[in-house]
Amino acid sequence: MKKDLLKLLDLSKEEIIEILDTADQMKYDLKNGRPHNVLQGKTLAMIFSKNSTRTRVSFETGMYQLGGHALFLSSSHSQVGRGEPVEDTARVLSRYCDGIMIRTFDQEEVEKLAEYASIPVINGLTDFCHPCQVLADLMTMRERMTVLEGAKLCYIGDGNNMANSLIVGGLKMGMDVSVACPEGYDPDPEVLDFAETVTDAKFELCRDPKEAAKGANCIVTDVWASMGQEGEAEKRKIAFKGYCVDDDLMALAAKDCMVQHCLPAHRGEEITAEVFEAHADEIFDEAENRLHAQKAVMALLMK
């Protein structure tokens, strides 16, 4: 039966661990010059309705390192952006390629693509979730903390796709998760419903970033206005005043608290330049780990 990566809600804890373990091995192999061309001769179609730096480069590089080839399809230069039904795109690409990665707006589009494709579909980002990014985040946290279970993960900012996936991924890995969002900017109701069902980890949604940050082992933030929300930027700056990861906030966290940011970062808004630079090694390890985590996903789904 075909497997996809559409959202972390679909994965078990054991499946997440398998991806992380495989990513660790992929990273070790690359750093030590060990060939791992497990997708020799295979092709990944990459559909982009949203612009990207890290998603495109990491998937394209990763596919090359696995021995395969990646094809870039932008909405403006393919029939995808000219009204071809997603179900037709899915069936056509299934005849040519061995996997599809899509970075788009609506989660429904990804789900429909997977429904009609006979090859694996990987969600590179939607407005609902960002599973590949959070797999890289969990990989980075595990590298530095060793054990995730029982650790506290804190997210400060907009209840967006990052918040949704961090809540799900963190709770599934046994982490306590605290989220601070302004009123009206909460995570998706489906994710909050999931959080209520978790019994072996704690979840907290609050309005006070300082309350959320207390004792945190990892603090994560993201831009206040994501792609497609540029018109709301000024309104959001007002709503998110005080939701900045600064030295005062970090002082409330655990002594060795790490910081993560999916990038690009707006220094002086969601995070100060001082905190960003103090934790730059962690943040850019996180960015690098997109490559390794996504290689693991592709290898497990497309072999």
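Phenylalanine 240 and tyrosine 243 are both buried (buried means under 20% relative accessible area, exposed over 50%, and partly exposed in between, with a 1.4 Å probe and protein chains only). This is a predicted model, in which local features need pLDDT of at least 70, side-chain atom pairs count only at pLDDT 80 or more, and totals for chains, interfaces and linings use all residues. Residues are numbered from 1 along each chain as its sequence is written, and side-chain values use heavy atoms, leaving out hydrogens and water.

**Aromatic rings**

- The whole structure contains 5 aromatic pairs (rings of Phe, Tyr and Trp, the last by its six-membered ring, pair if their centres lie within 6.5 Å; planes under 30 degrees apart are stacked, over 60 edge-to-face, and the rest tilted).
- One of these pairs is phenylalanine 240 with tyrosine 243, which is edge-to-face because the ring planes stand at 75°, with the centres 6.1 Å apart.
- Phenylalanine 276 and phenylalanine 284 also make an edge-to-face pair, with 6.0 Å between centres and 80° between planes.
- Phenylalanine 276 is buried at 1% relative accessible area, whereas phenylalanine 284 is partly exposed at 44%.
- Tyr185, Trp224, Phe240 and Tyr243 are linked into a cluster by ring pairs.

**Backbone**

- Most residues other than glycine have a negative phi, and most peptide bonds are trans.
- The peptide bond between leucine 263 and proline 264 is cis, with omega about 0°.
- Proline 264 sits in the loop between strand S9 (258–261) and helix H11 (273–278) (helices, H or I of at least four residues, and strands, E of at least two, are DSSP runs numbered from the N terminus).
- Leucine 263 lies in the loop between S9 and H11, has a positive phi of about 70°, and is buried with a relative accessible area of 11%.
- Leucine 125, in strand S4 (residues 121–125), has a positive phi near 155° and is buried at 7% relative accessibility.

**Helix packing**

- Helices H5 (residues 131–145) and H12 (residues 280–302) pack at about 120°, with axes 7 Å apart (axes are lines fitted to C-alpha atoms, for helices over the stretch in contact, and angles run from 0 to 180 degrees between N-to-C directions).
- H5 and H12 are therefore oblique to each other (under 35 degrees is roughly parallel, over 145 roughly antiparallel, 65 to 115 roughly perpendicular, and the rest oblique).
- Residues in the contact include Leu135 and Met139 of H5 and Asn289 and Ala293 of H12 (contact means heavy atoms within 4.5 Å).
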